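Good morning, and thank you for coming. Please look at the sequence and the structure first.

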Amino acid sequence: MDTKKEAERMMSFKGEVRGMTLKTDERFVLKRFGKEGVEKVEKRMEDLGYTLKYKDVSSMDYYPLGMRMLSLVAIKEALGLSDERIREMGRAAPRASLLIRFFMKYFLSPQKTFERANEIWEKHYTVGSVDVAEVAEDRVVLQISGMESHPVFCNYLIGYLSSLGRIIVQKEVELEETKCVFKGDNLHEFVCKWQMTRK
Amino acid sequence: MADDKKIKTLIEDINLLENYNKELFSFTPLPLFFVNPMGTVLEINPAFTKITGYDTYDVVGEPISSFFDEKEIKGIIEETMEKDSIDNRESVIVSKDGEKIPISIFARNRKMLEEESNGVFFSFFDLKEVKKKEKELKEKLEEMEKFRKLVVGRELKMVELKEKIKKLKKRQA
């Protein structure tokens, strides 16, 4: 991201996000790049005109949605992460997130869990929603709409949802973004597929 | 109190509680982990990582059978959910580097709203040192037994010889 203008645009996004998402970002950076990595990201945020000290973030509090997008962009830029590394970051997130603990009661069956996808979303974001467009024995189609974001968030979500899907169905899953607002669609659509026989 | 102020206070309280739980969970030297009824690991503490080598990214979301015998651990989960708790059950956990660690398991059922179980809390003692000492003790006992047999055998031989000498002396006399 070249200019502060783009950062300003993101900071004008409507809605808020729970601090736990920022904490999960911090945890990934700490694990892979150490304290130095976190400092680099915080410095990049500052260069873009916004201060974010991850250690001061409280998991339960709400932060501007733009801050969440900016955090991802700053991580990508400050640490030189490829799209695949951003997906890796997304894959790691559900394993380190408070979400798992909060929603463990729903992890009784894949069906029950997918049915509650929007509840999980609402615990994190005050804008947007997740609709389960289709749920079958070997696939689920999720649609996310009603919120502004950044392309880096799509890659993050691909990783995040594939990891969450794997945890839920306890099988290897394939995840593809079939619709994207940055490609002219009016929502993001993710198709998550898995084999019927356990690997 | 205004609603905004109440919400702010509640969030502060939740954060305090969260930090307290986190610190307590991290402080305990006993390995702890939590699985849901499907046997998926949902949480581990640093002591678990220290003993097994697995960190959060390795095991959270994975089936518990990744590091336990599947049949045995499934049985333990079912029994815990039925009886509410299990104490001192010996088992074996496989560490990240493949080492089989003998352990003693303690498990507690976690219920939501006093009804449906939503998982099982586990804790365990590492029995590696205990088993090592047990083995050493057993070997020592075996050694002592051998020695005892040798000494007793020698003593019996002495008694036998003394008897022979006695008889010979009698004959000569």
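In what order do the five strands of the open sheet in chain B lie? The order is E2-E1-E5-E4-E3, and the pairing is antiparallel. Strands are DSSP runs of E with at least two residues, helices are runs of H or I with at least four, both numbered from the N terminus, and two strands pair if DSSP finds at least two bridges between them. At the edges, pairing on one side only, are strand E2 (41–44) and strand E3 (85–94) of chain B.

This is a predicted model, in which local features need pLDDT of at least 70 and side-chain atom pairs count only at pLDDT 80 or more, while totals for chains, interfaces and linings use all residues. Residues are numbered from 1 along each chain as its sequence is written, chains are lettered from A and ligands numbered from 1 in the order in which they are written, and side-chain values use heavy atoms, with hydrogens and water left out.

Strand E1 (residues 32–35) of chain B pairs with E2(B) over three bridges, in the antiparallel sense. In E2(B), Ile44(B) is the bridge partner of Phe33(B).

Let us turn to Ser91(B), which lies in strand E3 of chain B. Is Ser91(B) buried or exposed? Ser91(B) is buried, at a relative accessible area of 6%; buried means under 20%, exposed over 50%, and partly exposed in between, with a 1.4 Å probe and protein chains only. Leaving aside residues up to four places away in sequence, Ser91(B) touches several residues, including Phe68(B), Ile101(B) and Ile105(B), where contact means heavy atoms within 4.5 Å.
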